[in-house]
Amino acid sequence: MSGPNTSFDPKQVAVLGAEAIATMVAEALAAVSAAGDLAVLKEVRLAHAGDRSPLALANRDIGALPPAAKAEVGKRVGEARGAVKAALGSRQIELERARDEFVLAEEFIDVTLPAMRVPLGARHPLTTVMERICDVFIAMGYDIAEGPEAEAEWVNFDALNVPPDHPARTMQDTFYVGSPESGVVLRTQTSPIQIRAMLDRQLPIYVVAPGRVYRTDELDATHTPVFHQVEGLAVDVGLTMGDLKGTLDHFAQEMFDPGIVTRLRPSYFPFTEPSAELDVQCFVCRGASIDNSAEPCRTCGSEGWIEWGGCGMVNPRVLQAVGIDPAKYRGFAFGMGIERTLMFRNGVTDMRDMVEGDLRFSLAFGLES
Amino acid sequence: MRAPVSWLRELIDIPVDQTGRDIAARLINAGLEVETVETIGGGVNGALYVGKVLEIEELTEFKKPIRWCQVDVGATGGGVRGIICGARNFTVGDMVVVALPGTVLPGGFEIASRETYGHLSDGMICSERELALSEEQDGIMVLPAGTAGADARPLIGVGEEVLDIAVTPDRGYALSLRGISRELAISYGVPFQDPGLNVADLPAPAPDAVPAQCGSDDFEACALFTLRTIVGFDPKAASPQWMKQRLTAGGMRPVSLAVDVTNYVMLELGQPLHAFDLDKLNGPVRAGWAEPGSTLETLDHVTRKLGSDDLVILDDDGIIGLAGTMGGLDSEIDDDTINIAIEAAHFAPRVIARMARRHRLSSEASRRFERGVDRTLAPYASARAAALLIEFGGGHYVGMTAVEAPYDPGVISMRVSEPAAVAGMPIDEETVTRLLEAVGCGVLINGNQLEVQAPPWRADLTDPADLVEEVVRLVGYENLPSTLPIAAAGHGLSNSQRLKRRIGMTLAARGAVEVLTYPFVGDSELDDMQIPVADIRRSKVRLANPLSDEQPYLRASLLPGLLSTARRNIGRGSSGVSLFELGSVFQGESVGVAPRPSVLERPGADEWAALNGLLPSQPMHLGIVLAGEREAAGWWGPSDDHGWHDAVQMAQVIAEVIGSEITIEQGGDLVFHPGRCATINCAGKPIGVAGELHPRVIQAWSLPTRSSALELDLDALIASAPALRPAPAVSAHPVAKEDLAVVVADSVTVAAVTAALRAGAGDLLESIRLFDIYSGPQVPDGHCSLAFALRFRAPDRTLSAAETAAARQGAINRAGLDCGAVIRGG
Ligand SMILES: [Zn+2]
């Protein structure tokens, strides 16, 4: 720093003239814009805005001016330094951007490279169809009931109004656990879960019960000894067959398509009376393929209807076996095969695909079906 | 049950425009499941003429005898034609069936005029086999009568439609033309003359004739037994053509007049009949129980061992038949039988069902008796049979003997309004009554109640619900309304149902694929898995009737099925598999005998508990098998295989997603690599095992080396999941990070050191993480250095350097005490 202004030397202050300052600024700005990279700009900054730069030296000399001149010259120098600094700043940003763009361009990667290093797995479509069915009924207020796969014969048959030696027992080929006299079987249907639900739960009862069932069939394209069913049961005051029909209609619409309806045909199950076979309208052709050889339908075999399951009003004898007063309560029940549902709903053509556990089969369905 | 349409039309007036398919649709709506509508001779395309054989020239110069025939097929068929024929069962003057050139026979065989055996054969004389009417091979068809040139098709049943009906167990009456035509009469609204109530015209027996005697030892099992006697029958008499045709269409093979008549009447009316050769009987014929240990050779040439619950037919010499199931060989009608006794009886359905099941003998008779035969039909049916036998086989009617228990059909009371209430739509009293009467019920109206008597052919109608079904099915299920009940407020998925779904989703999202394997296992698989005999995974629950003797047990572990599925996938070219299964396993010793409570009331709590106590324990398990590539080679580097840590990680992931806490400790499961097996503990108990499979197990299943697995008791894990998770205190104060390394003996586990450090560090410790393991020159032999990153934080203040240092030192001290850990470099 120079000391206080005690004398005024006209020679020394010539450099503070307007022209001289303007020259300094012009030189500085020219150098700034000429700087091609950040390193050069750093040197330019040192030369034109550093402590020893002409403008810094000029600023230092202001103190030597007579008081009358100080203000004018000070303003001029200050403006000059400001202009140089601003130019340096904006050039700095420009050069930094340029550098970044270069670096980022260098870092280019083909982002179409495979990114899925560990592929997704899958859930079994039988599981997800069962969950879908459960969700439809949960939305209607039903709970999901469960029961054991090795089940007491009493629960699987007797309580369902299938007494010993009844022909209905030979309709289903049963695996016996232990010995044929043990009273324990692999459940042949999900219907025993009805019995458990009625014994374990408070009335009214609205449940669906998905599960694994067993029959002594050899595995082939359309049979498997281990398969899945879902059972529905409602026991309440005043239930009607119309309620059963409406429930099944709603279910069919949720599973297939809006507007799909069901059809009941009289049939026989020991645990329901009246009993019915349950058909669902073909969701592919909606019956348009019937007697229309020009447009056959593979899903329904041009029948317009697909056999889906069985249903009926709970036989009062079944209510009696679980201690529910048939004079007060009525029930309806229905059941269908999950494999069969998956076959016609998703176009599975061979039962073995659902059994063998080939990854490629399940992976095609992902987390939903 | 096969029902020819022309036979149905003979019994009721079905509108003429109705095809077999139309009739089938009616029956389906009524609840009879028509599986197929078949057209007999449906493969015949073109005319078939009745031809009269005018001349036969025997051609003998060929390897087999050949006939050159002149056959008159009438003006319509082009007059007399020369036809070559290889059959020999006809003579001049016989009426035969002729297919002319242009007609196509089943199998696409088109008749053409052709030179053969030195003549131009201008058509074909047909056999039943050639028209696909039967398997009969003995020569061509000779018609009993006919006019040359007439259409032969109706005469031989070609074009006849036959309904094949799968009869459900409750509808025994539909195993007859009588029952099926009754349903059709209701459906079409046409009158029904019940052929089962026709009294056949029988000649009066001679006054001194003595019919064969009969009896029943047990009226519970045999409520009605009748025996009708005919003598002097012509054993050579043949069955009429129409009867043979109907039997063939009905699925039965014509045999002889006596047998054909009993079968014909059974098809027509539903009453099984049995014809005995009277001369082979000794003394009265009766129904009774077999002596244990006795035997009988039945008509199918099988010698059957009998027990005390076999109902048999006996004479004074012993057992001559299995009641309602199959006759004995010794009393069978044969080609010389001239004196016949026809048995018509009623046997209890359950008795016959049990016998048929035990002897694995399902006959036309047993199928009817076990579904219930008309209780009063026997004498009508045997009269019908006797009349047919006498009509076509001559003989003299001797009479009938019968024994019968009193018949009380009982009365079912039903509210008039019940069908409407169950159906959920209006059904008035007139409709209810009319429909019940149409199915044969007697109905009395008593105020709001109906007193209904079921007809004797409807043993299935016992409860009001049965009557409701009759009414509603005849009103038509298609008329039911579609309404929705208001269900009670539900609970949604249960905790365990929700968590199982979450686990499945998580595993799939992490690359695992769910499979559903069969739960059948055998000793060889369990041996291959090295599961010791005393291990809980050694299956004890055995099937009495397994599909394969190789796999008689129910699984007690999910791993055998998963390993086999992994092998299948690897075998099909998969380079790596990650499979999981959520499923029941079956544990415990073989069961005793589960109780069979009454079905007339709710089982008592004790009974219910005893019943459940006898079932094997069936916990839900989760199994995972990880084999081969976890991550394929790619631009990121070389491939990475599944290992023990992936299995342990899966356990930790599952526990974490459901909020359960598990701990991992070094395990020693024999299925696994002895040094690479982890026991998974939860709530202080082992609940599973994870790690690398034992190399011998891997080898037994031909899996890639280092294949790994996990099996968990999911029920136990889910039971420990918190119902509710409390919120954490999230401190905004700064964290103090401290790294430290301790040297421990190799035998000390990381889990133990981590636990000691955690315990010693106290509440200020926010987290602890192992970030390096070192063993080498800088640590003693048999030791390693474990480097941990510790993070300390207080909920309410910035920790001072002294506080952090104290907590750090506490951790070190505790690790020293518990694990012999020595701080490294400090
Ligand atoms: Zn369709």
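## Charges over rings

A charge sits over a ring when NZ of Lys or CZ of Arg is within 6 Å of the ring centre and within 35 degrees of the ring normal. In this predicted model, B:Arg542 places its charged end over the ring of B:Tyr553, 5.3 Å from the centre. Likewise, the charged end of B:Arg67 sits over the ring of B:Phe90, at 4.7 Å from its centre.

## Aromatic pairs

Over all chains there are 23 aromatic pairs (rings of Phe, Tyr and the six-membered ring of Trp, centres within 6.5 Å; planes under 30 degrees apart are stacked, over 60 edge-to-face, the rest tilted). B:Phe347 and B:Phe369 form an edge-to-face pair, because their ring centres are 5.0 Å apart and their planes meet at 70 degrees. Both residues, B:Phe347 and B:Phe369, are buried (under 20% relative accessible area with a 1.4 Å probe, protein chains only).

In chain A, ring pairs link a cluster that includes A:Tyr142, A:Phe251 and A:Trp308.

## A sheet in chain B

Strands of chain B form an open sheet of 3 in the order β25-β27-β26, with antiparallel pairing (strands are DSSP E runs of at least two residues, numbered from the N terminus; two pair if DSSP finds at least two bridges between them). The edge strands are β25 (412–415) and β26 (442–446) of chain B. Between β26(B) and β27 (residues 449–453) of chain B there are 5 bridges, and B:Ile445 has B:Leu450 in β27(B) as its bridge partner.

## Reading the numbers

Residues are numbered from 1 along each chain as its sequence is written, and chains are lettered from A in the order in which they are written. Local features need pLDDT of at least 70, side-chain atom pairs count only at pLDDT 80 or more, and side-chain values use heavy atoms, leaving out hydrogens and water.

Definitions and conventions. Buried means under 20% relative accessible area, exposed over 50%, partly exposed in between (1.4 Å probe, protein chains only). Helices (H or I, at least four residues) and strands (E, at least two) are DSSP runs, numbered from the N terminus.
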